[in-house]
Amino acid sequence: MAANATTNPLQVLPLELVDKCIGSRIQIVMKSDKEIGGMLQGFDDFVNMVLEDVTEFEITSEGRITKLYQILLNGNNITMRVPGGEGPGVDFLD
């Protein structure tokens, strides 16, 4: 029998964790060669996300960094979410 969140108060469901990150900076690792950092504004049941004050890091030999005001991310292309993440930084791109 699987335990659920009502029987174990220490268990946090994945969407509850993402919900707690609204209004905070979050780092997103995409399936492509990109990482995106920004302020999480909202998400839906498919974990499509809206971020503001966005920095997009392209993890390639060129290592481009792009600043965007706002972006909508498709949840199917997200590999990992890191609350409080600040991006790979310049040293990582070298």
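Trainee: Which residues touch the most other members of the largest nonpolar core?

Mentor: This is a predicted model. In it, that core has 14 residues, and Ile28, Ile36, Leu40, Met49, Leu51 and Leu73 touch the most other members.

Trainee: Which strands supply at least two residues of this core?

Mentor: Strand 1 (25-30), strand 2 (34-43), strand 3 (49-58) and strand 4 (65-73) each do. As background, nonpolar side chains in soluble globular proteins tend to be buried together.

Trainee: OK, Met49 then. What does Met49 touch, leaving out residues up to four places away in sequence?

Mentor: Its contacts are Val18, Ile28, Leu40, Gly42, Phe43, Ile71, Leu72, Leu73, Ile78 and Arg81. Two of these also come up in the strand pairing: Phe43 stands opposite Met49 in strand 3, and Met49 stands opposite Leu73 in strand 4.

Trainee: How many residues of strand 3 are buried?

Mentor: Seven of the 10, so strand 3 is mostly covered, with buried meaning under 20% relative accessible area.

Trainee: Changing topic: how many bridges join strand 2 to strand 3?

Mentor: Eight, and the two strands run antiparallel. One of the paired positions is Gly42, whose bridge partner in strand 3 is Val50.

Trainee: And strand 3 to strand 4, how many bridges there?

Mentor: Eight bridges join strand 3 to strand 4, again with the strands antiparallel.

Trainee: What about the turns? How many residues lie between strand 2 and strand 3?

Mentor: Five, in a hairpin where Val47 in the turn has a positive phi of about 60°. Strand 3 and strand 4 also form a hairpin, with six residues between them. In that turn, Gly63 has a positive phi of about 60°.

Trainee: Zooming out, what is the strand order in the sheet?

Mentor: The order is 4-3-2-1-5, in an open sheet of five strands with antiparallel pairing.

Trainee: Which are the edge strands?

Mentor: Strand 4 and strand 5 (78-83), each of which pairs on one side only. From one strand to the next, the twist averages 30°.

Note on methods. Residues are numbered from 1 along each chain as its sequence is written. This is a predicted model: local features need pLDDT of at least 70, side-chain atom pairs count only at pLDDT 80 or more; totals for chains, interfaces and linings use all residues. Side-chain values use heavy atoms; hydrogens and water are left out. A nonpolar core is a set of buried Ala, Val, Leu, Ile, Met, Phe, Trp, Tyr and Cys residues joined through side-chain atoms within 4.5 Å. Buried means under 20% relative accessible area, exposed over 50%, partly exposed in between (1.4 Å probe, protein chains only). Helices (H or I, at least four residues) and strands (E, at least two) are DSSP runs, numbered from the N terminus. Contact means heavy atoms within 4.5 Å. Two strands pair if DSSP finds at least two bridges between them. Axes are lines fitted to C-alpha atoms, for helices over the stretch in contact, and angles run from 0 to 180 degrees between N-to-C directions.
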